[in-house]
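Biologist: Please take a close look at one chain of this model, starting with how the chain is built and going on to its surroundings. A plain account is enough.

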There are 6 protein chains.
Amino acid sequence: MATVKLWTDSDVDQSPRVKAVFDDIRATRGSDFVNNFWRGLANDPATLERTWNGLKEVMITPSALDPLTKELIYVAVSTVNGCGYCIHSHTAAARAKGMTDAQYGDLIAVIGMASEANRIVTALGIPVDPEFEVTS
Amino acid sequence: MATVKLWTDSDVDQSPRVKAVFDDIRATRGSDFVNNFWRGLANDPATLERTWNGLKEVMITPSALDPLTKELIYVAVSTVNGCGYCIHSHTAAARAKGMTDAQYGDLIAVIGMASEANRIVTALGIPVDPEFEVTS
Amino acid sequence: MATVKLWTDSDVDQSPRVKAVFDDIRATRGSDFVNNFWRGLANDPATLERTWNGLKEVMITPSALDPLTKELIYVAVSTVNGCGYCIHSHTAAARAKGMTDAQYGDLIAVIGMASEANRIVTALGIPVDPEFEVTS
Amino acid sequence: MATVKLWTDSDVDQSPRVKAVFDDIRATRGSDFVNNFWRGLANDPATLERTWNGLKEVMITPSALDPLTKELIYVAVSTVNGCGYCIHSHTAAARAKGMTDAQYGDLIAVIGMASEANRIVTALGIPVDPEFEVTS
Amino acid sequence: MATVKLWTDSDVDQSPRVKAVFDDIRATRGSDFVNNFWRGLANDPATLERTWNGLKEVMITPSALDPLTKELIYVAVSTVNGCGYCIHSHTAAARAKGMTDAQYGDLIAVIGMASEANRIVTALGIPVDPEFEVTS
Amino acid sequence: MATVKLWTDSDVDQSPRVKAVFDDIRATRGSDFVNNFWRGLANDPATLERTWNGLKEVMITPSALDPLTKELIYVAVSTVNGCGYCIHSHTAAARAKGMTDAQYGDLIAVIGMASEANRIVTALGIPVDPEFEVTS
């Protein structure tokens, strides 16, 4: 029930600009599978390129946080933003990167507990303690 | 600008039930500082107890995810839920647990990138790939 | 720090259309106090009229739910929508309509508990039980 | 399309810790039906126990607000948090507790009206009137 | 999977109050098609009338912004509020009012980019520059 | 009350990588003023570069939607995401690009009306009409 066409591999072959991104997705991930998100983004090559380059830089290029931790954060953000598709794809990605059932249980527990506390704090209008302010 | 009174230590001393929680917060954290969240929750001892016990179990009791990773997830959830107080208190907690500037930069980048992709997926109504579904 | 001018009573006196709404607010509430929301809305008389008429119909005209219950729901919605102003004004309204401290404690507890469960359900992608579907 | 296995009654019978919670759910509600939320939570007994105990304390134990009012608030929170499952299960719960069609109409109207006003207030950056601040 | 009955045309014919709104929807839009939103709202004639009158005034009556621009804003709001139904119906409405594929690509890009920046700003707690404050 | 240091121009002068972005912001906008968002992002040069390049591509490079329409959409998204800073900065940007008071009134009205309808649709669980589905 997408609002746009999801590009098949045949469609992709018609557009060199889209094909270049799909080729890079496949090479970077070492897998022939390209999920529906990219097949929908293919309708706008500029956004396809910018989004893929951004995600590659943030999620895949080695940096201070390990890849699994980034996926856990990604699932948490997707949950609160209410994106069912993203929850499914990144929970799968987290499992592929080694997330155990116990770690997943912890992730769910923290998302739930933080959301409860977040709403209570907001309802009560709790002011920030001076101790939490950054001094630079 | 809270909607309730923030209990001072003198107020706390008047209520054995509230005092027991504050004492446990101080003992568990090894610090005399009790932040405003608990001082607002003190108005309802039942919620104070349940929330503190839940947070202690989820965030402090050793489990599959290390304490810093839990704080990173907590900050991510608080950001998307839009709780400024929680962002401040748990960013401070993450730093106290060793979060480096580079890790914090990664956290911010993942929150931003995930939020961008979340909204695009939602706008396009991308259907979940069968590959992401759990088979049990 | 509003993005628009907040109309003073002198400003209101210059616009018969805005004044008519302010007069009705005062008469309906039986109070001379008109809060900042209406003073900001005054910049667009059409939205001022539609919003006031809608709020009067929904929140003030006697109907199936009593006025206090409506205020509790309003505070809950405002909390999850993250509107600090609305939380403050409608928590005050709920108190003016008789909300006790114990009822307020319950309200906060339900908001928090529901938010925790909401996020966990979303993260786990729980499918709706057939038992919950309406048959008409 | 859950991200976890939904436990059948046979699965539950294999885990005494999970079975104890399911038994308490059935006894407390006086019904053999256990909905999918608990069948998903069963994957993490600690979160299952904490969530059930919390929901029982907040939603079922008699307190200052009557059970139907709590369900109305729960539906309102679930709507704004965007949890379709929770909307369905708690709208059904509200009806089971006596919610009339007219009360349901009121609930929907308040959710909609509050959301409209919430967003307008946020867009205009309306500052809190001093009259709404708590003095303690 | 609605929580209420969706009224068929035969149901509508039984209620003069609902029929009057449906007639006005058909006459105003110049189309016999009435979508499910109105068929669900029909259960509460007061909310049906107020919502239709409000939407007609805001979205259809000629005003400072052209109809297509209003639909683009509506899709953006619906995306961030996470209303899949509304995204579908108003993306269709935008297309019917002439939205090109390139304009749709821009809309998606702005929604995504703004959401990314919004969350980063919130996470960092950036204070408003004095230059952005209104002086009246 | 930021969680990070806001870089002064002197700080910026110490980092060639940050300075290059600030120089491009100033040249692109034709103004010496650089707002706090960029001064906070300066703590992470990679995110600073990617965000600026993305925003420049999406919001400033001429494309299918005119610059003012993009700002209106940006304000709408920022409102629903609850980012007060972003609302202020982009409402100012919209005014600088010619937004009239009447257009602003329309923007506010559409944001409010859409949010009301969004929540009602979600609460009622309205199913998407087949007429709104894309056929490709």
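**Chain, helices and interfaces**

Modeller: The domain assignment of chain A gives domain 1 as residues 1–61 and domain 2 as residues 64–125; such bounds come from an automatic or database domain assignment. The model is predicted, and local features need pLDDT of at least 70, side-chain atom pairs count only at pLDDT 80 or more, while totals for chains, interfaces and linings use all residues. Residues are numbered from 1 along each chain as its sequence is written, and chains are lettered from A and ligands numbered from 1 in the order in which they are written.

Taken over C-alpha atoms, the centres of domain 1 and domain 2 of chain A are separated by 25 Å. Chain A holds seven helices and zero strands, where helices (H or I, at least four residues) and strands (E, at least two) are DSSP runs numbered from the N terminus. Read along the sequence, the pattern of chain A is α-α-α-α-α-α-α. The C-alpha trace of chain A spans about 60 × 40 × 30 Å along its principal axes. Chain A has a radius of gyration of 19 Å, whereas a compact globule of 136 residues would have one near 14 Å; the radius is taken over C-alpha atoms, and the globule rule is 2.2 Å times the number of residues to the power 0.38.

Of the 136 residues in chain A, 55% are buried. A residue is buried if 20 or more other C-beta atoms lie within 10 Å of its own, exposed if 12 or fewer, and partly exposed in between, with C-beta atoms placed from the backbone. Among the contacts in chain A with a separation of 6 or more, 55% are between residues 24 or more positions apart; two residues are in contact if their C-beta atoms, placed from the backbone, lie within 7 Å.

Next, the interface of chain B with chain A. Here 56 residues of chain B are in contact with 56 residues of chain A. On the side of chain B that touches chain A, α3 (36–41), α4 (45–60), α5, α6 and α7 of chain B each supply at least two residues. The largest share, 15 residues, comes from α7(B). By class, this side has 33 nonpolar, 19 polar and four charged residues; Ala, Val, Leu, Ile, Met, Phe, Trp, Tyr, Cys and Pro count as nonpolar, Asp, Glu, Lys and Arg as charged, and the others, Gly among them, as polar.

Copies are superposed by least squares on the C-alpha atoms of residues with pLDDT of at least 70 in both. The same surface serves both copies, as 100% of the contact residues of chain B recur in chain A.

Chain B also touches chain E: 18 residues of chain B are in contact with 18 residues of chain E. The elements of chain B that give two or more residues to this side are α5 (67–81), α6 (84–96) and α7 (101–124). Again α7(B) gives the largest share, here 11 residues. The side that touches chain E has eight nonpolar, eight polar and two charged residues.

Chain B is superposed on chain E by a rotation of 180° with 0.0 Å of shift along its axis, at an RMSD of 0.0 Å. The two copies are therefore related as by a two-fold rotation axis. Of the residues of chain B, Glu116(B) comes closest to this axis, at 2.4 Å (C-alpha). Because 100% of the interface residues of chain B are also interface residues in chain E, the copies meet through the same surface.

Helix α4 (residues 45–60) can be followed in chain F. Its 16 residues should span 22 Å at 1.5 Å a residue, and the end C-alpha atoms are 21 Å apart, which agrees; the expected span is 1.5 Å times one less than the number of residues. The buried residues of α4(F) are Thr47(F), Leu48(F), Arg50(F), Thr51(F), Gly54(F), Leu55(F), Val58(F) and Met59(F). What covers them includes α4 (45–60) of chain A, α7 of chain B and α7 (101–124) of chain E, together with α2 (16–29), α3 (36–41) and α5 (67–81) of chain F.

In chain D, α5(D) is mostly covered, with 13 of its 15 residues buried. Just after α5(D), Gly82(D) takes a positive phi of about 70°.
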